[in-house]
Amino acid sequence: MVTTSGHWFDARDLSLSRGPRLLLDKLGFTLAPGEAILLQGPNGSGKSSLLRALLGLSVASGTLSFGGRSFAPGSGLLCPHALYQGHASGLKGELTTIENLGLAAALDGFAIGTAALQAALATTGIAREAGIAARRLSQGQKQRLVLARFALALREPARRPLWLLDEPSAALDRAGAAMLDALLGQHLDQGGAAIIATHLPVLADAAAVRPLRRIELG
Amino acid sequence: MSATARPAASDAAATDTFSPFGWALRRDLTLALRRKSATLNLVGFFVLSCMMFPLAIGPQQAWLQRVGPGVVWVAALLALLLALPRLFEHDHQDGSLEQMLASGRSLPALVAGKLLAAWLVSALPLVVVTPLLAMSLYLDGSSTVLLMVSLLLGTPSLLAIGSIGAALTLGLRGAATLITLICLPLFVPVLIFGAGAVEMQAAGLSPLAHLALLAAVMLLALASAPFVAALGLRTSLE
Amino acid sequence: MNFYRYASPQTFYPLAGRMLPWFVMAAVLLAVAGLAIGFVIAPTDFQQGEVYRIIFIHVPSAWMAMFVYLVMAGYAALTLALRARLPAMMTLALAPTGALMAAIALWTGALWGKPTWGTYWAWDARMTSTLILLFLYLGYLALVSAIEDTQRADRAGAVLVLVGVINVPIIYFSVQWWNTLHQGASVSPTGGSSMATVMLQGMLVMTLAAWCYCIACALHRVRSIILEREGHSHWVRRLVAQPARASSLQEAENRI
C-alpha cells in the first residue's frame, strides 16, 4: 500500500533531543520494499534513539507514514508492523532457548509450532541449545537466539515487514555474521525493509547487488 | 497524555487470537515457578514480621487477640511492598519490557496479566499461611475466615496501586524505599477497610460495610491501575 | 491578552518577576490585618480562652495545604496533556510550599491540642488526613528529585500527583470512617459552638494572606527552577552575563 506521499515508508522532520543537545534535526528518509538503510555514526550520535523514536519508545517530533496512514512517532502506530532488536536481548535467563523463542514469536503474532521454532533455531545455528536455559548461553549464542526471532519472521513476511536492528552483528563470529547477512538478504528479497544501526560492515557483500543507503548521524 | 491513539491489539493481524493478558500471565507464572525462592522469601518475611509482635508486646491472649488482625494486615502490606519492585525490574533490566512496548500489543493488558500473576504468586501464599498466624495470635475461626476474606479482597488493590509506584520508579536507585514512601499513603484506605472489617466482627457488628468498601476500592484499582501503570512504564522508558 | 505567549519559560520568567512583589505585599498586608483581627480584635472564646486563637493560623494553613495540592494536580494534568515544560515547573514550585502548609497545620494543631485535651496528637480524622497529605507531598518531592532526566521526572511526578488527587477524597473518607467507628476525639476548632462573625472574618483574611504567600513562594521558586533548567539556553546565558545594576558602591568597585 502506498502512502499519500507516494512512498511505502516515509519519515519526515524527525527531531530528537537528549537533554539540551539536539541529536536529530529534521531528519527525513524514505524506504521502499527491498531497501535497507544503514545508520552510522559515532557513539552517542543518536542511532539507537532514532530507532527507538520510530517505535515511540523515545520522544521525537516529526511525521511517519506507513500503510496508508500518517502519524506521529510517539503514537506507536508503527510498532505492529516492525520487528525491533535493541541493545538488551529481551531474553529471560530462567527460560530455555526454545521457550524464549516461543514467547517472542507469540508476542510478535506469528502462528508457531514447535517444528517451526526448531527450524528457526537451526537457521541461526543454535538448534542443539534448544533445551538449555538462556542464561547459560554465550553472548554470541544469545545474539543468535535474538536473531532466530527474525528467522521465524521470514515465514510471514507481510506481518512485520520493517526490521529495526540496533547493532545486530554484536558478539557474532564470522559464521554468525554470514548468517545475519543471509537473513537480511532473504528479508529484503521478500519485499521487506530494514533500518540497521551499526558501525560494523553489514551486508558488505550484498551492497554491490542491492540498494543500500547510508545515513550518517552526529 | 499522548494525544494520539495507541494501536489496538487487533491491529496486528486480522486473524489474531493472541491475548496479551494471557501471554503475560502464563509467562510470569512460568518465571515465578522457576524462581520459587522469591515466593518463599516473601512468605518467610510475612511470618517473621507477625512473630515479632508477640515478642515485642508480650504473649497475653487478650492483647494479641485485639491487635492480631491489624498485625497480620500490616505484615501483609509490608510483604507486598517488598514484592513490588520486582514486578517490572527484571523485565526492564533484560530488555523484555522494551520488547513488550515495541511489540505494539496492548500494554495495559500485558500489565494486567503481570498483576494477576504477581497476585497469585505473592499475595495468595500469604492468605494461605494466614490461618497459622491467626492461631498464633489467638484469633478464633470466624475472625480468621474474615481476615482471609479481607486479605483476598484487599491485596489486589495493594498490588494494583503498588504497580503504579513500581512503574514510576523503574530503574531508579533506592526504588524500593521510594515505592514505600509513594504507596503507603495510598494504601491507607485499603488498610482501614480491611483490618477494620475483622475488628467490626470482633466487636459484634457487621463487617459487610467494610467488605463492600474494600471490594469497591478493589474494582476501582483493578480497572484503572493497568492503564496508569502502562503510562508510568512508557514515561520511565522514554 | 494572549496567554499562550506566557506558556514558555522565557516569557513567563519576567512576568513572574513583575507579579512577585505584588503578591508579597498583599501577603504581608493581609497577614498583618488577619493577625490583628485574630490576636487582638476577636473576643476571648467562651470555652477555650485565648488558646483558640491559634486556629487563625491552623485553619488557613490546612485549607491551603489541600488547595495547593489541587492546583498542583491542575498543572500536572496540563503537563501530561500538553507535554509542556512550564506546568511541570509550576507543580514542582508549588510542592514545597504545600508541604510547608501541611506541616504548619500539623504543628499548630498539636500546639492547640495540648492545652485543649492534654495531648499533642489525638489521631483525629482531620489531622490524620493532613498527615497523609504531607506524605503525599513528600512522596512527590522524593520521586522528582530521584529522577535525573527532567522530562521523565516531570511526567512521573505529574502522574503521581494525579493519582494522589484522585485518592485524597478516598483517603479522607476512609480516615473519617476509621475515626468515627473508633470513636476518637472529635476535633472542632470552633468547639462546636457557632463562630462569631469577627472570627470568621479573621480566618478569611488569614486564608487570603496564606494564599498570597503561597503564590509568592511559587512564583519565586519557579523563577529559580526556570533558570536552573533553561541554563543552557541563550536568554539565560545573556541574563546571567549581564553586569547586574550595582546595588552598592562596593559591588560597583569590585567590578572595576
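This is a predicted model: local features need pLDDT of at least 70, side-chain atom pairs count only at pLDDT 80 or more; totals for chains, interfaces and linings use all residues.

Student: What about contacts in chain C between residues at least 6 apart in sequence: what share join residues at least 24 apart?
Tutor: For that set of contacts in chain C, the share is 80%.

Student: Which residues of H1(C) are buried?
Tutor: The list runs C:Pro9, C:Phe12, C:Ala16, C:Phe23, C:Ala27, C:Leu30, C:Gly34, C:Ile37 and C:Gly38.

Student: And what do those buried residues of H1(C) pack against?
Tutor: Three helices of chain C: H2 (55-82), H3 (86-117) and H6 (197-229).

Student: Switching to the interfaces. How many residues do chains B and C each put into their contact?
Tutor: Chain B puts in 22 residues and chain C puts in 26 residues. On the chain B side, helices H7 (141-168), H8 (175-202) and H9 (208-237) each supply at least two residues. H8(B) gives the most, with ten residues.

Student: What classes of residue are on that side of chain B?
Tutor: The side of chain B that touches chain C has 15 nonpolar residues, six polar and one charged.

Student: Now the other neighbour: how many residues come from chain B and from chain A in their contact?
Tutor: There, 28 residues come from chain B and 27 residues from chain A. The elements of chain B giving two or more residues to the side that touches chain A are helix H1 (20-34) and helix H5 (96-102). By class, that side of chain B holds ten nonpolar, eight polar and ten charged residues.

Student: One last spot. I clicked on B:Leu213; which helix is B:Leu213 in?
Tutor: B:Leu213 sits in helix H9 of chain B.

Student: Is B:Leu213 buried or exposed, and why?
Tutor: B:Leu213 is buried, because 22 other C-beta atoms lie within 10 Å, and the cut-off for buried is 20 or more.

Student: How far is B:Leu213 from B:Phe193?
Tutor: Their C-alpha atoms are 6.8 Å apart in space, while the two residues are 20 residues apart in sequence.

Key:
Residues are numbered from 1 along each chain as its sequence is written. Chains are lettered from A and ligands numbered from 1 in the order in which they are written. Two residues are in contact if their C-beta atoms, placed from the backbone, lie within 7 Å. Helices (H or I, at least four residues) and strands (E, at least two) are DSSP runs, numbered from the N terminus. Ala, Val, Leu, Ile, Met, Phe, Trp, Tyr, Cys and Pro count as nonpolar, Asp, Glu, Lys and Arg as charged, and the others, Gly among them, as polar. A residue is buried if 20 or more other C-beta atoms lie within 10 Å of its own, exposed if 12 or fewer, and partly exposed in between; C-beta atoms are placed from the backbone.
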